[in-house]
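Hello,

Here is the structure for you to look through. Please open it first, then read my notes below.

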Amino acid sequence: MSKLLGAIGLATVVAAAGCVAVDTTPINFVSAEPAGPSPDYIPDATDDGSTVVALSFSGGGTRAAAFGYGALLELDALIIDEFPVKRTLVDNVRTVAGTSGGAVLAAYLGYKGKDEYRDFRERFLYQNAEANMATSVSPGTVAKVALRGGANDRNSFARWLDDNLFDHQTFSAFDKPGRPLVWVTASDIYNNTPFLFTEDTFAALCSDLNQLKISEAVGASAAVPIAFAPMILKAPKINCDYQRPHWVKQVLEETDNPSVRLQAYARTLDSYQADKNLNFVRLLDGALTDNLGITGLTLELAKADKPYAPLSPQQAVRLRNFLFIVTDAGRRISYEWGETQSPPHLGNIVRAVSDTAIASANRSGFDAIDLALIQWQEALIHYRCGLPREQVLKLRGTLDGWDCRNVTVTTEYLSFRDADPDSSARLNKMPTRLKLARSEVDLAIEAGRQAVRNNPNIQKVAQEARKGALIFDAVEARQLARQ
């Protein structure tokens, strides 16, 4: 793929190369039947509810998927309960999000669940996901780039995913007990905003998200410009009895909403219904607008009209730790031109510009979600401490151990710097591809495991979850004895 990206300089001189067909079939189905709204709250935990984990996996091709997979394996090694069944920190993952390579892992965890995701290494990481792709410079691929916007289309990576990983399943496969809420992020290049594959988004398109193939969403999330033509959605020109969600209506009517991100997303959803010039929505790589995959949780916090949302009232009073873990497989590259006064090659400048833009956006995005979660913790404490005891008892089931202020919301950022120095140097040389050598995959997996092992707060949350489970089990045993 790296050679293909070098074709950008040739794309302007091949207009005479002929017409090369690219599949521009919309990936959605427009229907007169209104689609349901997004859920009000994230899925409830299946244990005492004291610990809730949210995960986000960054872009970066197979390298990012392997790093996130390693982190997931290590989280799955942190046992938090033994009775009545063994549970790990992964059992408490209630939301999972991803961009590009990270979206592959996020969607697979949502599809297979905690007990069956472990074959991801054999089914994806060790495979050649570029098998159906044009990955080298040729007259044909350059013509596609120049005339159709990209060398590959939905029949390349998305088709490979459909045949080899997601088993032709649609988003309806995510709707199973105990599964986390899944957020896949792409980029709407008409509105210049993130595109979230959610019920609210598809309702605005008069479409049913449950009918969309998982592979199409992930393929759109990974559609790197030049390497891929944009994936296409049909905007509705029919009456589907669409009703704006309350938060969209409120944001569009307010003039002093502090969240610029939320305003932009509300206007984007509104454009799918109201913009007469918008017949087709084009999607590219989610990394263009959100390389960390944090848009889903960020918007949930921004649009919340209750202090406890996106938790339910029951979840809010049972919560002790909310842990948001972001894995970032971005590389830290040392550019050779730092050693000399000679001008660098144009290709190196283009790559550096892209790296700089993504790294800067990552830092800003992470700081924003970290601040939002700190403010949410304060709102949670205020809400909990304002509840009468009888309401706490009704929501929580017991007053044992109740402390309204005893709730912590933390954000943990895991990167290659959290692995050992030798591994970090090798990881930073690993290309952004959808095919890596097994030794590279294994290195990235181990780095993800090291990052979790070396993170004191994740270890602390797991330890507190174990203590909470012991207390919960004891209370439950006393209640059973009374019966």
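Start with a crossing: helix 2 passes helix 16 in a right-handed crossing. Keep in mind that this is a predicted model.

Two packed helices are described by the angle between their axes and the distance between the axes. For helix 2 (residues 61-75) and helix 16 (residues 438-453), the axes come within 7 Å and cross at roughly 45°. Angles under 35 degrees count as roughly parallel, and 65 to 115 as roughly perpendicular. Helix 2 and helix 16 are therefore oblique to each other.

Which residues make the contact? Helix 2 brings T62, R63, A66, F67, Y69, G70, A71, L73, E74 and L75. Helix 16 brings V441, A444, I445, A447, G448, R449, A451, V452 and R453. By class, the residues of this contact of helix 2 with helix 16 are 12 nonpolar, 3 polar and 4 charged.

Now helix 16 by itself. It has 16 residues. From first C-alpha to last, helix 16 reaches 23 Å, close to the 22 Å expected at 1.5 Å a residue. Its buried residues are V441, L443, A444, I445, A447, G448, Q450, A451 and V452.

There is a second pair to look at. Helix 6 (residues 157-164) packs with helix 8 (residues 214-221) at an angle of about 145°. Their axes are 8 Å apart. Helix 6 passes helix 8 in a right-handed crossing. F157, A158, L161 and D162 of helix 6 meet S215, E216, V218 and G219 of helix 8. That contact of helix 6 with helix 8 has 4 nonpolar, 2 polar and 2 charged residues.

Best wishes

Key
Residues are numbered from 1 along each chain as its sequence is written. This is a predicted model: local features need pLDDT of at least 70, side-chain atom pairs count only at pLDDT 80 or more; totals for chains, interfaces and linings use all residues. Side-chain values use heavy atoms; hydrogens and water are left out. Axes are lines fitted to C-alpha atoms, for helices over the stretch in contact, and angles run from 0 to 180 degrees between N-to-C directions. Helices (H or I, at least four residues) and strands (E, at least two) are DSSP runs, numbered from the N terminus. Angles under 35 degrees count as roughly parallel, over 145 as roughly antiparallel, 65 to 115 as roughly perpendicular and the rest as oblique. A crossing is left-handed if the near helix is turned anticlockwise from the far one by less than a right angle, and right-handed if clockwise. Contact means heavy atoms within 4.5 Å. Ala, Val, Leu, Ile, Met, Phe, Trp, Tyr, Cys and Pro count as nonpolar, Asp, Glu, Lys and Arg as charged, and the others, Gly among them, as polar. The expected span of a helix is 1.5 Å times one less than its number of residues. Buried means under 20% relative accessible area, exposed over 50%, partly exposed in between (1.4 Å probe, protein chains only).
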